[in-house]
Amino acid sequence: MASVKQVQVTFDCAEPERVARFWCEVLGYVAPPPPEGFDTWDSFNRSLPPERRGAAFACKDPSGVGPRLYFQRVPEGKVVKNRVHLDVRAGTGLVGEERLATLQAECDRLVALGAVCVQVLYADEENESCIVMQDVEGNEFCLD
């Protein structure tokens, strides 16, 4: 059996470029260059039929280590909690108050970008603190 070489994470959303650019800011990802023959993504989008304009966008880890993120427009809105979510590892290796302060600082940065802080889960005897959040279209993720 062949091993998997790469994973792409796909988001269904209403505004692919808006959500992609949010995640670029969260993760330090970058948008790929526009397709050959186009100087900007806007000029590429204008070349498409109206129903395909802005239908998809992607971003990638500039180091090539993390998965590519792909955002596709879908007609239906988000209705229920995600069954899969991203954990943004902002507090790796930290514990206690230092971890919570680091997570809170990252939460504040992301709220300024349009995220919503849903709940702060404080450390207990089994788990360290984490923060449950939503991106600009309500997709859940955790600061961990």
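Where does Asn82 lie, between which strands? I found Asn82 in the loop between strand 3 (68-73) and strand 4 (86-88), helices (H or I, at least four residues) and strands (E, at least two) being DSSP runs numbered from the N terminus.

**Ground rules.** I am working from a predicted model, in which local features need pLDDT of at least 70 and side-chain atom pairs count only at pLDDT 80 or more, while totals for chains, interfaces and linings use all residues. Residues are numbered from 1 along each chain as its sequence is written, and side-chain values use heavy atoms, with hydrogens and water left out.

**Asn82, continued.** I looked up the burial of Asn82 and noted that it counts as buried because its relative accessibility is 18%, where buried means under 20% relative accessible area, exposed over 50%, and partly exposed in between (1.4 Å probe, protein chains only). Apart from neighbours within four places in sequence, Asn82 is in contact with Asn139 and Glu140, a contact being heavy atoms within 4.5 Å.

**Overall layout.** I noted three helices and seven strands for the protein, in the order β-α-α-β-β-β-α-β-β-β from the N terminus. The C-alpha trace spans about 55 × 35 × 30 Å along its principal axes, and 32% of the 144 residues count as buried. Of the contacts with a separation of 6 or more, 58% come from residues 24 or more positions apart.

**Record.** An unreviewed UniProt entry lists residues 8-143 as "domain: Glyoxalase-like"; its positions are given in the numbering used here, feature names are shortened, and annotations may be inferred rather than shown by experiment. Over residues 8-143 I noted 26% helix and 25% strand, with the end C-alpha atoms 20 Å apart.

I traced an open sheet of three strands in the order 1-3-2 with mixed pairing, where two strands pair if DSSP finds at least two bridges between them. Strand 1 (8-13) and strand 2 (56-59) are its edge strands, each pairing on one side only, and the twist from one strand to the next averages 20°. Strand 2 and strand 3 pair in the antiparallel sense over four bridges, and Cys59 stands opposite Leu69 in strand 3. Helix 1 (residues 16-27) packs on this sheet, touching strand 1, strand 2 and strand 3, and its direction makes about 155° with that of strand 3; axes are lines fitted to C-alpha atoms, for helices over the stretch in contact, and angles run from 0 to 180 degrees between N-to-C directions.

**Val19.** Val19 has its place in helix 1 and counts as buried because its relative accessibility is 0%. Leaving aside neighbours within four places in sequence, I listed Cys13, Phe71, Asp135, Val136 and Glu137 as its contacts.

I then followed an open sheet of four strands, with order 4-7-6-5 and mixed pairing. Strand 4 and strand 5 (116-121) stand at the edges with a single partner strand each, so one side of each is left without a neighbour in the sheet. Strand 4 and strand 7 pair in the parallel sense over three bridges, and Leu86 stands opposite Phe141 in strand 7. Helix 1 lies across strand 4 and strand 7, at about 40° to strand 4, whereas helix 3 touches strand 5, strand 6 and strand 7, its direction making about 10° with that of strand 6.

**Aromatic pairs.** How many aromatic pairs does a search of the whole structure find? I recorded eight aromatic pairs, counting rings of Phe, Tyr and Trp (its six-membered ring) whose centres lie within 6.5 Å, with planes under 30 degrees apart stacked, over 60 edge-to-face and the rest tilted. The rings of Phe11 and Trp23 have centres 5.7 Å apart and planes at 40°, so this pair is tilted. Both Phe11 and Trp23 are buried. Phe38 and Phe44 form an edge-to-face pair, with 5.3 Å centre to centre and 85° between the planes. Ring pairs link Phe11, Phe22, Trp23, Phe71 and Phe141 into a cluster.

**Core.** The largest nonpolar core has 24 residues, and those with the most contacts inside it are Trp23, Phe71, Met133, Phe141 and Leu143; such a core is a set of buried Ala, Val, Leu, Ile, Met, Phe, Trp, Tyr and Cys residues joined through side-chain atoms within 4.5 Å. Helix 1 gives the most to this core, with six residues.
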